[in-house]
Amino acid sequence: MNIDSIPEAFSVALRLKIISSLVSASKTFNELREMTQATQGNLSVQLTKLETWGYITSDKVIEKKRTKTTYTLTDFGLTQFEEYVALLQAVLDRHV
């Protein structure tokens, strides 16, 4: 990854918050909403984009007659995030 080809997944702050939140463990929709302070609609749109691009997966189960969706960072998503962080670190290292 280089500075002129940063993936679109990292171009919106909410997407970065989502990916960062999923690095350590899977999270439910409600947990992500609380962590990011995003509206349900905006969070849903960004989660759909990240899933479409292969950065995350979702698992839906019925719990107490309600759908509970849990999101997990994929290996691809983690690798891309690590490359993005390394790129940012390289930029900082050159300018410090």
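User: In this predicted model, is Gln37 buried or exposed?
Analyst: Exposed means over 50% relative accessible area. Gln37 lies in the loop between helix 2 and helix 3, and its phi is positive, about 60 degrees, although the residue is not a glycine. At 67% relative accessibility, Gln37 counts as exposed.

User: Where is Lys64 found, and is it buried or exposed?
Analyst: Lys64 is not a glycine, yet has a positive phi of about 55 degrees. Its place is the loop between strand 2 and strand 3. With a relative accessibility of 78%, Lys64 counts as exposed.

User: Which elements do the buried residues of helix 1 pack against?
Analyst: Among the buried residues of helix 1 are Leu14 and Ile18. The strands that the buried residues pack against are strand 1 (27–28), strand 2 (56–63) and strand 3 (66–73). The helices they pack against are helix 2 (29–36), helix 3 (40–52) and helix 4 (75–95).

User: Is helix 1 roughly parallel or oblique to helix 2?
Analyst: The two helices pack with their axes 10 Å apart, at an angle of about 120 degrees. Angles under 35 degrees count as roughly parallel, over 145 as roughly antiparallel and 65 to 115 as roughly perpendicular, with the rest oblique. The angle therefore makes helix 1 to helix 2 oblique.

User: How many charged residues does the contact of helix 1 with helix 2 have?
Analyst: The crossing of these two helices is right-handed. Helix 1 contributes Leu14, Lys17, Ile18, Ser21 and Leu22 to the contact, and helix 2 contributes Leu32, Met35 and Thr36. By class, five of the residues in this contact are nonpolar and two are polar, and the number of charged residues is one.

User: Is the crossing of helix 2 and helix 3 left-handed or right-handed, and are these helices roughly parallel or roughly perpendicular?
Analyst: The axes of helix 2 and helix 3 are 10 Å apart, and the packing angle is about 110 degrees. Their crossing is right-handed. An angle from 65 to 115 degrees counts as roughly perpendicular. Helix 2 and helix 3 are therefore roughly perpendicular.

User: How many nonpolar residues are in the contact of helix 2 with helix 3?
Analyst: From helix 2, Phe29, Leu32, Arg33 and Thr36 meet Gln40, Leu43, Ser44 and Leu47 of helix 3. By class, three residues of this contact are polar and one is charged, while the number of nonpolar residues is four.

User: Which residues is Thr28 in contact with, leaving aside its neighbours within four places in sequence?
Analyst: Thr28 lies in strand 1. Its relative accessible area is 14%, so Thr28 is buried. Leaving aside neighbours within four places in sequence, its contacts are Lys68, Thr69 and Thr70.

User: How many Å apart in space are Glu63 and Val91, C-alpha to C-alpha?
Analyst: Glu63 is in strand 2 and is partly exposed, with a relative accessible area of 41%. In sequence, Glu63 and Val91 are 28 residues apart. In space, C-alpha to C-alpha, Glu63 and Val91 are apart by 46 Å.

Conventions. Residues numbered from 1 in each chain as written. Predicted model: local features only at pLDDT ≥ 70, side-chain atom pairs only at ≥ 80, totals over all residues. Heavy atoms only, no water. Buried < 20%, exposed > 50% of the residue type's maximum accessible area, 1.4 Å probe, protein only. Helix = DSSP H or I, 4+ residues; strand = E, 2+ residues; numbered from the N terminus. Contact = heavy atoms within 4.5 Å. Axes fitted to C-alpha atoms, helices over the stretch in contact; angles between N-to-C directions. Left-handed = near helix turned anticlockwise from the far one by under 90°. Nonpolar A, V, L, I, M, F, W, Y, C, P; charged D, E, K, R; others polar.
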